[in-house]
Amino acid sequence: QLQLVESGGGLVQSGGSLKLSCTVSKSTWPYYTIGWFRQAPGKEREGVSCLAGSRGGSTNYAPSVKGRFTISKDNAKNTVYLQMANLKPEDTAVYYCAASHFPGTPCSLSAGSYSFWGQGTQVTVSS
């Protein structure tokens, strides 16, 4: 079982930046695919980015964030990051990180591909 804890959310002005962190508890976590999702009030959970746990670590981004958000990881710190730049008011949401059920799962922006979820961190972008 993996446990994930997000941090780094907050209030930022439009055009600003934030870096979210997702710390994972399991020692073998680098082999698990990690995804970032977000959910705004009244909207469905949306896949934002993912980082495959397989060798090579392929990534994927939602069209709405491509070119603005960057996913990365630090194996030594058991942490996956989501660097968010040029933030817009429509990026306002609770952001969650999630881990795949099995190691080596392909990168996916579908919530159904993930079994372990963090508690979320609020990101608010003011106009």
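Leaving aside neighbours within four places in sequence, serine 21 is in contact with Val5, Glu6, Ser7, Trp36, Thr79, Val80 and Tyr81, contact meaning heavy atoms within 4.5 Å. The structure is a predicted model, in which local features need pLDDT of at least 70 and side-chain atom pairs count only at pLDDT 80 or more, whereas totals for chains, interfaces and linings use all residues. Residues are numbered from 1 along each chain as its sequence is written, and side-chain values use heavy atoms, with hydrogens and water left out.

Serine 21 lies in strand E3 (residues 18–24), strands being DSSP runs (E, at least two residues) numbered from the N terminus. With a relative accessible area of 16%, serine 21 is buried (under 20%; exposed is over 50% and partly exposed in between, with a 1.4 Å probe and protein chains only).

An open sheet is formed by four strands in the order E1-E3-E8-E7, with antiparallel pairing, where two strands pair if DSSP finds at least two bridges between them. Strand E1 (4–7) and E7 stand at the edges with a single partner strand each, so that one side of each is left without a neighbour in the sheet. E3 and E8 run antiparallel and are joined by six bridges, and leucine 18 stands opposite methionine 84 in E8.

Two asparagines in loops have positive phi values. Asparagine 78, in the loop between strand E7 (69–74) and strand E8 (79–84), has a phi near 55 degrees and is partly exposed at 21% relative accessible area. Asparagine 86, in the loop between E8 and strand E9 (93–103), has a phi near 50 degrees and is partly exposed at 43%.
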